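Subject: Handover of a structure and its findings

Dear colleague,

Please find below the structure that I am handing over to you. The findings follow directly after it.

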Amino acid sequence: MAFASKSPWVIHYDGSSCNGCDIEVLATLCPGFDGERFGVINTGNPKHADIFLVTGSVNEQNIGVIKEIYNQMLEPKVVVACGICACTGGVFHDCYNVLGGVDAAIPVDVYAPGCAVRPEQLIDAIVAGVAALDEKSAALKAARKGA
Amino acid sequence: MSKATIIPFGPQHPVLPEPLHLDLVVQDETVVDCIPQIGFVHRGLEKLVETRDYNQFIYIAERICGICAMGHSLGYAETVESLMGVEVPKRAEYLRVIWHELSRVHSHLLWLGLAADAFGFESMFMHCWRLRERVLDLFEKTTGGRVILSVVKVGGVVRDIDATQMAEIVSVLDGLKDEYTQIMNTLLTDTSVKNRTVGVGYLSAEDATALSMVGPFARASNLAYDVRSFGRGAYGDLSEFAPITDTAGDCFARVKVRCLEVLQSIEIIKELAAKMPAGDIAVDVKGAPADGAQASNVLEQPRGECYYYARGNGSKNLERMRMRTPTSQNLAGMTVALKGCDLADVNMIILTIDPCISCTER
């Protein structure tokens with residue numbers, strides 16, 4: 001991808017992560033790594049967001065919250081699983097209150113593993129997310145024309 | 001006075017990096033009651049001691065919380081060491097405290113940024129996190145990790161800091177101190193910061209004692225309680241240590257206490273770096289904790305006193321591991337401080353107790 005077709009706005013939700021990935025998500029958007037140079041803005045409103053960054057695994061208590069935020073986002077939308085807990089459950093995979101990675105609740109487009117996930121990797125994942133967003137947007141347009 | 005209404009706050013909320021749900025009972029613009037609901041981050045990791053041996057569990061212990069990772073691995077290691085009667089070399093104790101105090105600097109800078117963001121001071125947020133990156137660079141150079149360090153093991157530490165790296169730590173901290181002092185002075189003298197924080201979220205010393213508040217939250221209400229002043233490990237070799245306290249008990253006092261603690265931590269690291277003893281960094285630990293052996297331990301985390309308890313059963317797995325983390329103590333004080341505040345001040349009060357939900361729920 002030679003240029004970003006969109007300035008993706010992201011929404012972040014902490015599933016049941018240990019905070020390590022959450023502070024790396026915020027650090028990605030701060031001066032050290034400056035994710036904002038790609039036009040990435042952190043928003044608190046699901047309706048404004050294009051990319052959903054989920055950290056941590058899914059449990060009985062938060063599965064409803066994750067699904068709710070996902071459902072409130074408008075199409076096209078992309079989900080990035082940030083960190084190994086969000087991908088598979090990580091070191092906590094056999095805890096009694098862990099149902100698994102984020103894909104146990106909602107479809108995931110980009111997996112960014114790591115414990116904690118590194119900001120460079122998150123930037124890569126967001127850029128890959130923009131590409132996935134383009135594909136979805138093209139598919140939506142084609143479906144609209146076909147209809 | 002109008003009818004009472006319940007306003008839900010969280011679990012997904014722009015000022016909260018972590019999920020915490022509060023039901024705010026509001027009458028007009030005043031919060032009359034607050035009912036917290038937790039459990040969004042509960043993983044149940046204390047039970048993992050049954051399937052991981054005591055050496056493996058240290059990697060679980062430090063993933064209780066990514067911000068206090070160093071503190072939790074240190075607290076767990078100290079507990080198991082006292083369970084098994086292991087004597088840690090002096091150099092390892094110094095190295096542990098240096099990393100622990102560095103993580104306090106990073107945690108307080110992180111918090112300061114989030115608090116500034118909560119009252120709409122976004123450039124301050126960015127400045128604090130810019131300075132924090134330098135501490136993370138030091139972590140990366142000395143341990144290889146940015147937030148999860150994995151540097152403590154039962155019996156010592158896994159890596160040494162040589163003289164060149166130590167000199168670099170001191171020079172980076174000197175540079176950081178200059179810039180940080182400018183930021184701190186701006187924050188503590190700015191009128192708009194004072195308008196948002198002075199007199200907001202007051203907690204009296206009596207309430208703080210009765211509710212067993214810990215850490216900077218308690219110290220801002222004039223309770224001079226700091227585990228570091230017990231003088232255990234390398235803290236005992238400091239020429240002087242006095243907890244930083246404030247008498248006001250409001251949000252501004254809490255900001256001030258944490259601001260000054262960053263400078264205190266920098267001084268501690270510099271003093272220990274100068275006094276660093278030579279020698280081994282770890283001892284070999286063999287065997288298993290005896291059946292029925294018990295040990296407890298307290299440690300001053302960036303957010304306050306954390307209590308650890310461990311019991312052995314004669315095998316490599318512990319029978320029970322229990323932590324009582326600072327935020328689970330402080331949530332009680334937070335609900336008291338929230339009562340009677342304006343709805344617009346709720347963000348500020350929640351942020352100034354520096355909640356760490358993943359520690360609390362584990």
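Helix axes are lines fitted to C-alpha atoms over the stretch in contact, and angles run from 0 to 180 degrees between N-to-C directions. Helices (H or I, at least four residues) and strands (E, at least two) are DSSP runs, numbered from the N terminus. This is a predicted model, in which local features need pLDDT of at least 70 and side-chain atom pairs count only at pLDDT 80 or more, while totals for chains, interfaces and linings use all residues. Residues are numbered from 1 along each chain as its sequence is written, and chains are lettered from A and ligands numbered from 1 in the order in which they are written.

A helix pair in chain B

In chain B, helix H3 (residues 90–118) packs against helix H4 (residues 122–143) at an angle of about 165°, and their axes are 8 Å apart. H3(B) is therefore roughly antiparallel to H4(B), a description used for angles over 145 degrees. Their crossing is left-handed, that is, the near helix is turned anticlockwise from the far one by less than a right angle. Among the residues making the contact are B:Leu102, B:Val105 and B:His106 of H3(B), and B:Phe125, B:Trp129 and B:Arg132 of H4(B); two residues are in contact if their C-beta atoms, placed from the backbone, lie within 7 Å. By class, the contact of H3(B) with H4(B) holds 15 nonpolar, two polar and three charged residues. Here Ala, Val, Leu, Ile, Met, Phe, Trp, Tyr, Cys and Pro count as nonpolar, Asp, Glu, Lys and Arg as charged, and the others, Gly among them, as polar.

The sheet of chain B

Three strands of chain B form an open, antiparallel sheet in the order E6-E7-E8, where pairing requires that DSSP finds at least two bridges between two strands. Strands E6 (294–301) and E8 (318–324) of chain B are its edges, each pairing on one side only. Neighbouring strands are turned by 15° against each other on average, direction ignored. E6(B) is joined to strand E7 (residues 304–312) of chain B by eight bridges, and B:Gln294 has B:Arg311 in E7(B) as its bridge partner. Helix H2 (residues 69–84) of chain B packs on this sheet, touching E6 and E7 of chain B.

Where the chains meet

In the interface, 31 residues of chain A are in contact with 35 residues of chain B. H1(A) gives the largest share of the chain A side, seven residues.

Yours sincerely

Terms used
Parallel < 35°, antiparallel > 145°, perpendicular 65-115°, else oblique.
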